[in-house]
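Trainee: Could we go through this one together, starting with charged side chains?
Mentor: Gladly, here it is.

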Amino acid sequence: MALDDLVARIELLRARIKSHSAALRENETRTRMALIDPLMHALGWDVSDPGVVTPEYKVSDGWADYALLRPDGQPVATVEAKKLGTVLAAHRMQMLNYANAAGIDYAGLTDGNHWELYDVFKRGQLEERRILEVSIANAPAHESALKLLLLWHPNLGSGRPVTASAPILGETRRPKGKTSDRKQVDKLKNWVALSEFSPPAGTQCPAAIRFWDGSERTLNHWSEILTLTVEKLYTKGLLTVDDAPLQWSEKTYSVHTEPVHPTGIRFANYKSINGTLLFVNVNLNAGQVRLNTKKLLQRYGQNPADVYLQVAQ
């Protein structure tokens, strides 16, 4: 497999996600045909070959969407497929339980954009067992390709997959004199998924936020992570004025049509969203801003792993 071929496939899938997101979010079968199967095929897992992949693999109490087979015909991994935009966190235990019940070493989960792989029998918390996490719509294609080599058939199929450790191959097959793509790769090296971002106290505010649709906004204050997310959800038609108030604790609102908490006390610090009747409570520290933003995204079916922050290197 040429890395360039995998990069080209990822770029194609990114374009599909951007152009056909609404249709793919409606149906798991569409997501599998348009996004999941093509990437698996590019990684050497031909889903049409019963000697390589078994769709709808029977486990003790259900069916895994895919079983990826070793050369001896035994499964090395299961993969659970969900429609685009599904919050994967709600399905991780089902994924692990299927693999565990069948004695399968690795378990994957994907919505066609976000891909995760777990070492099923490794001791530790769920996060410690995760050996792959990539969002192909938001990360540079070369970076995603390098990470996804963990799923490459000869690698995963060996039963002892290793993580690619080479540098990002940003100069592969570039037309002579064309450097803009390389500069773009370098520029994006310091993007970190919101789901993984947990900086120490005193860390400088990120420079920008990139949403699941690829759009970016500059950040000047920590609170803008939350307020710009509210604005994005509103402009996408996911959050409406009728949803207010959004309450995260017994005594406080996060978003309301007036800057007043359920106790009657006004928001100590708030931001109004332009063109709406919504007010966002921003009397929060950096950690609370990140937590509230992640909760808000999950409430409206968006994966915090698909939202990136540009941090200082």
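Mentor: The side chains of Glu56 and Arg32 meet in a salt bridge, with 3.5 Å from N to O, the term meaning a side-chain nitrogen of Lys or Arg within 4 Å of a carboxyl oxygen of Asp or Glu. This is a predicted model, in which local features need pLDDT of at least 70 and side-chain atom pairs count only at pLDDT 80 or more, while totals for chains, interfaces and linings use all residues. Residues are numbered from 1 along each chain as its sequence is written, and side-chain values use heavy atoms, leaving out hydrogens and water.

Trainee: Where do Glu56 and Arg32 sit?
Mentor: Glu56 is in strand S1 (residues 53-59) and Arg32 in helix H2 (residues 28-42), 24 residues apart; helices (H or I, at least four residues) and strands (E, at least two) are DSSP runs, numbered from the N terminus.

Trainee: Is Arg32 buried or exposed?
Mentor: Arg32 is buried, at a relative accessible area of 14%, whereas Glu56 is partly exposed at 38%; buried means under 20% relative accessible area, exposed over 50%, and partly exposed in between, with a 1.4 Å probe and protein chains only.

Trainee: Which residues are linked with them in a network?
Mentor: Glu28, Arg32, Glu56 and Asp65 are linked by salt bridges.

Trainee: Switching topic, what does His114 touch?
Mentor: Leaving aside neighbours within four places in sequence, His114 has contacts that include Leu88, Glu133 and Asp306, where contact means heavy atoms within 4.5 Å. His114 belongs to strand S5 (residues 114-119) and is buried, with a relative accessible area of 1%.
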